[in-house]
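Good morning. Please look at the sequence and the structure on the screen, and I will go through a few points.

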Amino acid sequence: MKHFLFGNLVLWTIVFGFARCDGQAGELRKVAKVYASPEDPSVVHHMVKQVTEVIVYDIFSPPVASRIYAYSSLAMYEALRFQRAGTPSIAEKLNGFGPMPTPPTGHTLNFAVAGLKAALTVVDKVTFTKDSIFAFEKAVYQEMQALGVSDSVLAQSQAFGQAVGEAVLARAAKDKYKETRGMPRYTVVKSPDRWEPTSPDYLDAIEPHWAKMLPLALDSAGQCRPPRHLPVSQNKNSEFYQQVEEVFALRKTLTKEQEAIAYFWDDNPAVSEHKGHSMVLSKKMTPAGHWMAIGGLAAQQSGADQVIAAQVYAMTAIALHDGFIACWDEKYRSQLIRPITVINDWLDPKWEPFLQTPPFPEYTSGHGVISASVATVLTAVIGDNVAFRDTTEVEYGRPIRQFSSFHQAAEEASISRLYGGIHY
């Protein structure tokens with residue numbers, strides 16, 4: 001999805017489909033029938049897709065996207081879980097949550113509507129551009145009324161969903177996100193081993209204080225701290241220098257398959273292409289969005305109902321949320337220099353990686369960390385050696401790729417960063 005920037009003029013070339021509610025009465029009626037059903041899991045998948053569209057539109061960074069997914073998915077699950085009696089709370093087992101709301105007795109509720117309202121109550125507070133998603137919500141309610149769902153059931157379901165959403169937001173207010181907004185920017189120090197902004201846009205470091213965020217399941221940002229990176233060395237016999245040479249040489253010998261792998265897992269939410277005095281900005285899913293979509297595919301393929309589908313999304317989002325916190329903890333502790341900077345200084349000042357280098361330190365790989373984290377969770381929830389076709393990137397111009405398991409997909413996502421030239 002692209003738009004073009006000419007000075008202050010923005011020409012949008014893609015308008016998201018979910019923003020066009022007018023003239024789609026037939027589609028809305030179809031969706032409303034699904035929301036009226038106590039069994040159909042597509043309501044859950046639809047809600048997460050709407051959240052993804054907002055994240056893509058607003059170009060949230062990967063860590064911030066993971067926070068949005070975590071809170072909105074947890075809210076949806078905590079409201080929907082009462083569809084099946086005895087389904088336990090996930091939130092109450094996480095850091096910082098108190099007892100979650102329970103449905104009022106003596107009332108008939110549509111828990112799909114409650115889940116929708118819970119998620120949107122969160123989305124309203126943690127995103128920017130949401131006019132279209134709330135217009136869609138209103139249209140769905142109108143169509144449900146036309147299908148005979150009573151005003152009282154709608155109102156009671158919405159009230160319960162809002163109570164759940166507000167309970168999740170109460171925890172979100174204590175996660176240090178607001179405090180990190182006012183913390184100092186990353187200070188660039190010219191050093192042979194320290195990260196500095198990279199071409200083509202030389203952007204400031206993204207979220208240098210993210211490790212201060214309160215994890216959901218981990219006991220701290222440093223619970224899963226990795227070993228130290230290799231020491232930076234210009235000694236040609238050192239392992240670090242050999243890895244630099246590997247990145248440098250691989251750019252010249254990339255196969256079509258390696259290029260396809262790098263391109264498929266790019267997941268850079270805003271890639272810029274400079275053409276004279278203009279800039280073309282391509283927008284797509286973050287790594288978090290890609291894995292949330294894979295989780296959705298896995299849930300659909302396994303035949304998960306509403307409650308299980310919501311659980312898959314919630315647990316996927318928790319893995320993403322804490323994975324980014326742990327990864328960013330190491331990134332800004334080690335502050336390791338990126339391959340493009342080293343190669344431009346040591347080997348070739350004109351060298352460029354296959355992919356655009358994202359604006360934060362090198363070690364560890366964000367995609368590597370969160371992909372393995374989610375693959376571990378999906379394997380536990382869905383099963384091991386579950387083959388799937390990843391169709392989630394088709395709408396962004398990517399092909400379909402086939403994987404034999406979640407871990408195989410995670411391993412490919414990880415090695416894609418070497419093929420892309422953005423990681424050692």
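**The chain as a whole**

In the protein chain, 77% of the contacts with a separation of 6 or more are between residues 24 or more positions apart, where contact means heavy atoms within 4.5 Å. This is a predicted model, in which local features need pLDDT of at least 70 and side-chain atom pairs count only at pLDDT 80 or more, while totals for chains, interfaces and linings use all residues. Residues are numbered from 1 along each chain as its sequence is written, and side-chain values use heavy atoms, with hydrogens and water left out.

The protein chain has 14 helices and six strands; these are DSSP runs numbered from the N terminus, helices being H or I with at least four residues and strands E with at least two. Of its 424 residues, 55% are buried. Buried means under 20% relative accessible area, exposed over 50%, and partly exposed in between, with a 1.4 Å probe and protein chains only.

Next, helix H5. H5 covers residues 131-146, 16 residues, and spans 23 Å from first C-alpha to last, close to the 22 Å expected at 1.5 Å a residue; the expected span is 1.5 Å times one less than the number of residues. Its buried residues include Phe136, Tyr141 and Met144. Just after H5, Gly148 has a positive phi of about 105°.

Where does Gln306 lie? Gln306 is in helix H11, residues 306-334, and is buried at 1% relative accessible area. A polar atom of the Gln306 side chain lies 2.8 Å from the backbone oxygen of Asp40.

Key:
Polar contact = N/O pair within 3.5 Å; in protein donor to acceptor, adjacent residues only side chain to side chain.
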